[in-house]
Amino acid sequence: MIRDAAAAVGVAWRAAPVLLLGHLAAGALAGTAPVAAAWFTKLVLDRLVAGQTDDLVWPALALAATGALTVVIVQGSQYLSGELERRVAVLTRDRLYTATGRMTGLAMLEQPAFQDRLRMAQAHSDSGPRLILESAVGGVQSLITLLGFLGSLAALSLVLAATVLVAAVPALVAEIQLSRRRATVLTALSPTERRQFFYADLMTSLDAAKEIRLLGLNALFRKRMLSEFAHANAERRRLDRREFGVQGLLGVLGALVAGAGLVWAILAAGRGLLTVGDVAVFLAAVAGTQASITAIASRLGTAHNALLLFAHFQEVTKAGPDLPCPPDPAPVPELSNGIELRDVWFRYSEDHPWALRGINLTIPFGQSLALVGPNGAGKSTLVKLLCRFYDPTRGSVSWDGVDLRDMPVEHLRARIGAVFQDFMSYELTATENIALGDVDGAHELQIGTAMKHRVHAAAQRAGVHDMLTGLPRGYDTMLSRLFQDEDDDTGVLLSGGQWQRVALARAFLRDQRDLLILDEPASGLDADAEAQIHARLAAHRAGRASVLISHRLGSVRDADQIAVLVNGRLEDIGTHSDLLGRDATYARLFRLQANGYAPA
Ligand SMILES: Nc1ncnc2c1ncn2[C@@H]1O[C@H](COP(=O)(O)OP(=O)(O)OP(=O)(O)O)[C@@H](O)[C@H]1O
């Protein structure tokens, strides 16, 4: 907890040291103002009662100046706090997304617990340090006020000063417990909120709009969202009620102490033990002491709560890379022999069934391997292991004899081009959508003349150049209608097959890479386009290894090798004619598909 507090202050210090110091100084000044105002009031009242009107001017002026200064400090403090939060936000976001960038695998992102932590970190990383600092500054401010008023109170009655102090202990304890409870409830509600966002998102998502409307799912998802919402509200209500009860009791206790003090002060003044000014200071001190203690308790609670939430940010940013990285990684050589899977077993987690079972397979350099098999056989999983999105649970994948785990993962991926089954459609211009295939991550996307030529060539190979040229702004057209200016609605939505060609063009931009992976690259293409794409792929096979996944067996029959996966096992491997001759899964599936095209 202390380490998290130091980290939060460290973040603010790194983001804006001068603002931080200014904020602290403003807090300390603001803390002395109420005490000074009380004593100036006493001077004014005592001199008024004593008829010393000539000596009234400076305490009255000082009282007015204190009031004015307080207003300036409060306003200035608010500005400093806002600016500090803005600068902290830039720094925390940078750290958060640098940390997620260090997670080079997929397993961590797939864990619900990590997703919850990430969401909490995203939600509280900006406000966390601000709340912690504000609580610290506010706490110091209230402490200064408290000490000043306690001193004043002690000068008038030691017993009363001690009573006010002791009466404050329950408030401190209660506030800390309440804040702990608040943070626990927030964390426990995270999965509920995740589901709530999921349903809310579904109902407004463009991708889901067709099905939601056709199947009439809006009412169902709205009810589910509201039910999650109601569950979260019930928890929050329980918390608010508890808070209401505790704070109410504490308020009554404080009022009783203040009331008793007031009676004592009036009786003492009646007996001539206190002046009118003393009574004024006394009243201000009792109220000020109680208010400061309540403020300190509440600041402590806020800081405690903010710290518990900020811990999520700390955990995410401190998490190491999710794929082990050797201390002295081997450079990734250009592929010259091939990639070998040796007795590879893989499951997504210990609770999941095996997705790959003892796969032994070689993908020789300069050759193409087709992966075929029924749904869920493990084809995409195998491809994900080739890109090292996961490490095999058992066995190894090696690149020219070097285990992928011994290589820097970013170097490995720099040698791979891929189109995944669930490829991305970026809401950017057509040029950017393709140029993203070859970026230097450290720099902004540079689209000079040379890059434009390469983008056009890749688009031509993917058979999408003419279509892109014909768009309202050619290659500069936004492939989205979401990010338009009011007076510019030239963005377009592409069809599924057109998007697939753009994704292919993006992969072709990386065609100098050693391994080309195409997971169902032509599933959305018309028959002409599919034939063209496969002819082009075949022409570019030399000089690299390629892996092609397809359910349309006619399109993989020319592959140098066809591997048949069934239920995570390698059932068979060979050329098209080898496999047809063996009369197993491949031959059965091929004949089934071929029959569909045979004349009736
Ligand atoms: N991220 C994941 N977490 C847990 N299980 C997964 C994950 N991805 C895939 N699986 C499971 O692993 C198995 C293999 O899936 P995979 O996607 O590799 O099959 P596939 O052969 O590519 O299927 P398809 O032809 O339908 O694309 C399936 O049982 C699937 O449910």
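Modeller: Before the first pair: axes here are lines fitted to C-alpha atoms, for helices over the stretch in contact, and angles run from 0 to 180 degrees between N-to-C directions. Also, this is a predicted model.

Colleague: OK. At what angle do α1 and α6 pack?

Modeller: About 105°, with the axes of α1 (residues 2–15) and α6 (residues 127–156) 9 Å apart. Angles of 65 to 115 degrees count as roughly perpendicular, so that is what α1 and α6 are to each other.

Colleague: Which residues meet there?

Modeller: From α1 you have Ala5, Ala8, Val9, Val11 and Ala12, and from α6 Gly128, Pro129, Ile132 and Leu133. That contact has eight nonpolar residues, one polar and no charged.

Colleague: And how do α5 and α8 cross?

Modeller: At roughly 85°, with the axes of α5 (residues 112–124) and α8 (residues 190–204) coming within 10 Å. α5 and α8 are therefore roughly perpendicular too. Pro112, Gln115, Asp116, Arg119 and Met120 of α5 make the contact with Ser190, Pro191 and Arg194 of α8.

Colleague: Switching topic: what span should α11 have, and what does it have?

Modeller: With 43 residues (276–318) at 1.5 Å a residue, α11 should span 63 Å, and its end C-alpha atoms are 60 Å apart, which agrees. There is a kink in α11 though, about 25°, centred on leucine 309.

Key. Residues numbered from 1 in each chain as written. Predicted model: local features only at pLDDT ≥ 70, side-chain atom pairs only at ≥ 80, totals over all residues. Helix = DSSP H or I, 4+ residues; strand = E, 2+ residues; numbered from the N terminus. Expected span 1.5 Å × (residues − 1). Bend = angle between axes of the 7 residues up to and from the residue. Parallel < 35°, antiparallel > 145°, perpendicular 65-115°, else oblique. Contact = placed C-beta atoms within 7 Å. Nonpolar A, V, L, I, M, F, W, Y, C, P; charged D, E, K, R; others polar.
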